[in-house]
Amino acid sequence: IQEYFYADYQEVIYTESQKASLLNIIEKFCKNSAIKFAITNAIGSLEHGDYGSIESEVKLALSTSLQTDAGISYFDITNTAARINRMKAKQLIPVGWKEVDKMLGGGVDRRELMLFIAKSGGGKSLFKINVAHNLLHMGYNVLYVSLELSEDVVMQRMDQLIAECSKDDIFNAPDRLINIINTTRTKVGAFRVKRLPERTTTSNDIRTVVKNYEIVEGKTPDVLIIDYIDLMAPASKTHSDNLFISEKYIAEEVRA
């Protein structure tokens with residue numbers, strides 16, 4: 001049989017279009033096979049209620065592709081100048097406090113995760129709403145997800161910052177606040193607040209809120225503020241019961 005195949009073998013030269021078509025067929029076959037495997041594998045997770053693992057496996061299967069990009073070669077000097085220019089043009093997002101921005105080297109880069117850590121009652125939520133206020137006035141679009149305070153309380157704190165007044169002043173003169181909001185709305189970024197339940201919210205729920213934000217606002221938020229990830233749950237039940245390790249996984253999921 002081997003002699004028959006080798007004797008009849010003829011090399012076929014494919015055009016670039018034919019190669020691309022063949023690769024597409026192979027990629028589709030591999031992706032479909034991965035999806036079938038993920039669905040079959042999901043039965044066990046479904047019985048245990050581990051929906052986070054199911055979603056992760058399906059997403060991984062859907063991302064199956066023939067990767068042709070091997071990365072950027074450091075010693076390919078044709079890319080060096082362009083890379084340096086990209087780094088020079090990169091603009092960090094400041095949080096609005098000179099002292100903090102100085103410690104951060106100018107601010108936070110896009111796609112970075114920054115954690116504000118303090119003891120209970122240490123002012124973490126107040127700090128974050130002030131950061132949101134500063135970013136809005138820089139023209140950035142902010143999505144604020146609260147797992148502790150109600151949407152009304154978060155909005156009220158923003159009222160006090162926008163109108164530069166106390167809570168009592170807002171209650172006594174609501175028309176003034178409305179006028180300030182109407183005047184300010186065209187000069188700042190978009191701001192939305194979403195309250196999610198504590199202890200059960202996962203990174204998958206956050207992802208859904210971001211998608212809904214994109215649908216409603218027609219753009220992706222520049223900044224996502226979560227108050228706070230200690231009250232979140234890991235997306236997968238396979239994660240460790242150790243509190244430190246569990247919160248490490250949550251932070252990594254939020255970062256992703």
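Predicted model: local features only at pLDDT ≥ 70, side-chain atom pairs only at ≥ 80, totals over all residues.
## Confidence

The chain has an average pLDDT of 85, and 94% of its residues score at least 70. Among the elements, strand 1 (residues 142-146) has the highest mean pLDDT, at 95, while helix 1 (residues 2-8) has the lowest, at 56.

## Nonpolar cores

The largest nonpolar core contains 25 residues. Ala132, Leu135, Val142, Tyr144, Val154, Met158 and Phe191 have the most contacts inside it. Two or more residues each come from helix 6 (124-137), strand 1, helix 7 (151-163), helix 9 (174-184), strand 2 (191-195) and strand 3 (223-227). Helix 6 contributes the most, with 5 residues.

Leaving aside residues up to four places away in sequence, Val154 touches Ile129, Tyr144, Ser146, Leu149, Phe191 and Val193. Another core, of 16 residues, lies apart from the largest one. Its members include Leu196, Ile229, Met232 and Ile250.

## Salt bridges

The model has a count of 7 salt bridges. One of them joins Asp227 and Lys128, with N and O 3.0 Å apart. This pair links distant parts of the chain, since Asp227 is in strand 3 and Lys128 is in helix 6, 99 residues away. Both Asp227 and Lys128 are buried.

A second example pairs Lys59 with Glu55, and here the closest N and O atoms are 3.0 Å apart. Because Lys59 and Glu55 are 4 residues apart in helix 3 (residues 51-62), about one helical turn separates them. Lys59 is partly exposed at 33% relative accessibility, and Glu55 is partly exposed at 30%. Arg195 and Glu198 also form a salt bridge, with a closest N to O distance of 3.2 Å. Arg195 has a relative accessible area of 26%, so it counts as partly exposed. Glu198, at 38%, is partly exposed as well.

## Backbone angles

Most residues other than glycine have a negative phi, and most peptide bonds are trans. Some places in this chain depart from that pattern. The peptide bond between Asp227 and Tyr228 is cis, with omega about 5°. Tyr228 lies in the loop between strand 3 and helix 11.

Arg111 has a positive phi, near 70°, and sits in the loop between helix 5 (98-103) and helix 6. With 73% relative accessibility, Arg111 is exposed. Glu164 has a positive phi too, near 55°. Its place is the loop between helix 7 and helix 8 (167-172), and its relative accessibility of 72% makes Glu164 exposed.

## Surface

Val12, Tyr14, Leu22, Leu23, Ile26 and Leu66 form a nonpolar surface patch of about 500 Å². Leu23 belongs to helix 2 (residues 16-47). The relative accessible area of Leu23 is 42%, so this residue is partly exposed; membership in a patch requires over 30%.

Lys248 is located in helix 11 (residues 243-255) and is partly exposed, at 40% relative accessible area. Between Lys248 and Pro234 there are 9.3 Å in space, C-alpha to C-alpha, although the two are 14 residues apart in sequence.

Terms used
Residues numbered from 1 in each chain as written. Heavy atoms only, no water. Patch = residues over 30% accessible without salt bridge, like charges linked within 9 Å, V, L, I, M, F, W, Y side chains within 5 Å. Areas by Shrake-Rupley, 256 points an atom, 1.4 Å probe, with all protein chains shown as cover. Salt bridge = Lys/Arg side-chain N within 4 Å of Asp/Glu carboxyl O. Buried < 20%, exposed > 50% of the residue type's maximum accessible area, 1.4 Å probe, protein only. pLDDT = per-residue confidence, 0-100. Core = buried A, V, L, I, M, F, W, Y, C linked by side-chain atoms within 4.5 Å. Contact = heavy atoms within 4.5 Å.
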